[in-house]
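Subject: Structure handover

Hello,

Here is the structure you asked for. My notes follow below it.

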Amino acid sequence: MSAAVDEYGVFGHPVAHSFSPFIHGFFARATGQQMSYRAYDVAPEEFSARVKDFFGGGGRGLNITLPHKIAAVETAQELTARAAHAAAVNTLALQDDNVVLGDNTDGAGLVRDLCDNLRIVITQRRLLVLGAGGATRGVLAPILALEPAIVVIANRTPERAEALAAAFADLGVTQGVGFAHVGDTPFDLIINATSASLSGDIPPIPAGALGPETVCYDLAYGRSAMAFVRWAKHSGCRRAVQGLGMLVEQAAESFRLWRGVRPETAPVIAALKERVGSV
Ligand code: NAP
């Protein structure tokens with residue numbers, strides 16, 4: 001008789017495109033964990049009830065993706081400090097005391113990919129983050145913890161960038177601006193955290209913001225990252241990278257929270273690159 005298997009999954013809408021079942025299936029096999037992982041398409045109006053049903057029915061953990069990351073803050077019974085600061089949750093975990101903990105592993109995933117996989121230095125460097133949505137909110141605290149010289153946040157709606165810069169000013173030097181006011185001095189690292197690439201758009205930043213030493217990183221991956229990565233390469237940056245590594249690293253952080261073991265990420269990143277192709 002086979003032992004019961006712990007159930008995990010991802011709630012999103014839409015979710016059919018999600019790589020999370022592939023990633024967590026890979027992690028589970030590699031670490032010998034007895035668990036299942038499924039994608040669930042959950043409409044916003046059903047979100048809270050479906051989370052309760054999942055954990056009430058014996059589920060152990062969930063990843064939360066668009067558009068539910070903010071709603072999940074209310075659904076969690078307890079928050080980690082980084083989830084509270086981000087005001088967004090991408091991981092729910094049933095703890096031993098039956099309390100559902102909300103965490104946000106996006107920022108840790110990005111920092112792992114930038115620092116460990118890509119060997120990019122953040123400390124004392126000038127960073128430009130494009131976009132002021134949920135993803136930017138999730139990554140700011142872990143990035144500021146590495147003590148960059150400055151993080152300029154630029155957004156189509158400048159007020160949202162200004163508000164985020166103010167909200168994180170206690171953690172480091174931040175500035176919020178519209179795209180036109182980014183300035184003409186090249187940044188060391190430009191992180192695209194907008195969803196502009198999805199429609200093939202490039203945030204209209206001044207040409208001087210990108211120089212021959214600039215590294216460009218798009219949080220999006222696969223086809224969605226193509227417009228920004230190609231634009232950055234054609235503009236003469238040192239290196240332009242899609243966000244597949246962040247995707248796998250944030251998943252590894254969730255897996256560690258659930259199972260107490262951190263899986264190796266390099267084989268999964270390589271497998272996913274094969275699947276989506278380089279951009
Ligand atoms: P979001 O909360 O909806 O925010 C979207 C942001 O993009 C806003 O700042 C918005 O500006 C801006 N924007 C949208 N269309 C634009 C356009 N045409 N031109 C300029 N700016 C535009 O989305 P999010 O959750 O932050 O996600 C952003 C991106 O990060 C998505 O591509 C997502 O897939 C990716 N992501 C990747 C990972 C990973 O693991 N690799 C994790 C999280 C997110 P306004 O404020 O002016 O509307």
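Is Q124 exposed or buried? Q124 is exposed, with a relative accessible area of 56%. Here buried means under 20% relative accessible area, exposed means over 50%, and partly exposed is in between, with a 1.4 Å probe and protein chains only.

First, the ground rules. This is a predicted model, in which local features need pLDDT of at least 70, side-chain atom pairs count only at pLDDT 80 or more, and totals for chains, interfaces and linings use all residues. Residues are numbered from 1 along each chain as its sequence is written, and side-chain values use heavy atoms, with hydrogens and water left out.

The ligand

The ligand is surrounded by 25 residues. The closest are A135, N155, T157, R160 and L219. By class, the shell holds 11 nonpolar, 9 polar and 5 charged residues. Ala, Val, Leu, Ile, Met, Phe, Trp, Tyr, Cys and Pro count as nonpolar; Asp, Glu, Lys and Arg count as charged; the others, Gly among them, count as polar.

Two helices each supply at least two residues of this shell: α6 (134-144) and α9 (244-259). The largest share, 3 residues, comes from α9. Helices (H or I, at least four residues) and strands (E, at least two) are DSSP runs, numbered from the N terminus.

Polar contacts come next. A polar contact is a pair of N or O atoms within 3.5 Å; within protein, one must be able to donate a hydrogen and the other to accept it, and residues adjacent in sequence count only if both atoms are side-chain atoms.

- A135 places a backbone N or O atom 2.7 Å from a ligand oxygen.
- N155 uses its side chain: an N or O atom there is 2.8 Å from an oxygen of the ligand.
- A132 has a polar backbone atom 2.9 Å from a ligand oxygen.

On its own, the ligand has 940 Å² of accessible area, and the protein covers 81% of that. Areas come from the Shrake-Rupley method with a 1.4 Å probe; for residues, only the protein chains shown count as cover.

The ligand sits in the largest pocket. A pocket is an open set of points on a 1 Å grid over the protein atoms alone, where a 1.4 Å probe fits, with protein on both sides within 12 Å along at least five of seven lines. A molecule sits in a pocket if more than half of its atoms lie within 2 Å of its grid points.

Backbone geometry

There are cis peptide bonds to note. The bond from H13 to P14 is cis, with omega near 5 degrees. P14 lies in the loop between β1 (6-12) and α1 (20-31). L66 and P67 are also joined by a cis peptide bond, with omega about 5 degrees. P67 is in the loop between β3 (61-64) and α3 (71-75).

Then positive phi. A87 is not a glycine, yet its phi is about 55 degrees. A87 belongs to the loop between α4 (81-86) and β5 (91-94). At 34% relative accessibility, A87 is partly exposed. Q124 is not a glycine either, and its phi is about 65 degrees. Q124 lies in the loop between α5 (106-117) and β7 (126-130).

Other positions

A30 is in helix α1. A30 counts as exposed, at 62% relative accessibility.

Q242 is in the loop between β12 (239-241) and α9. Q242 is buried, with a relative accessible area of 7%. From Q242 to Y217 is 25 residues in sequence and 5.9 Å in space, C-alpha to C-alpha.

P186 is in the loop between β9 (174-178) and β10 (189-192). P186 is partly exposed, with a relative accessible area of 41%.

P142 counts as partly exposed, at 22% relative accessibility.

Best regards

Key: A residue is near a molecule or strand if one of its heavy atoms lies within 4 Å of it. On a 1 Å grid over the protein atoms alone, a cavity is a set of points where a 1.4 Å probe fits but cannot get out, and a pocket is an open set with protein on both sides within 12 Å along at least five of seven lines; lining residues have an atom within 4 Å of a point.
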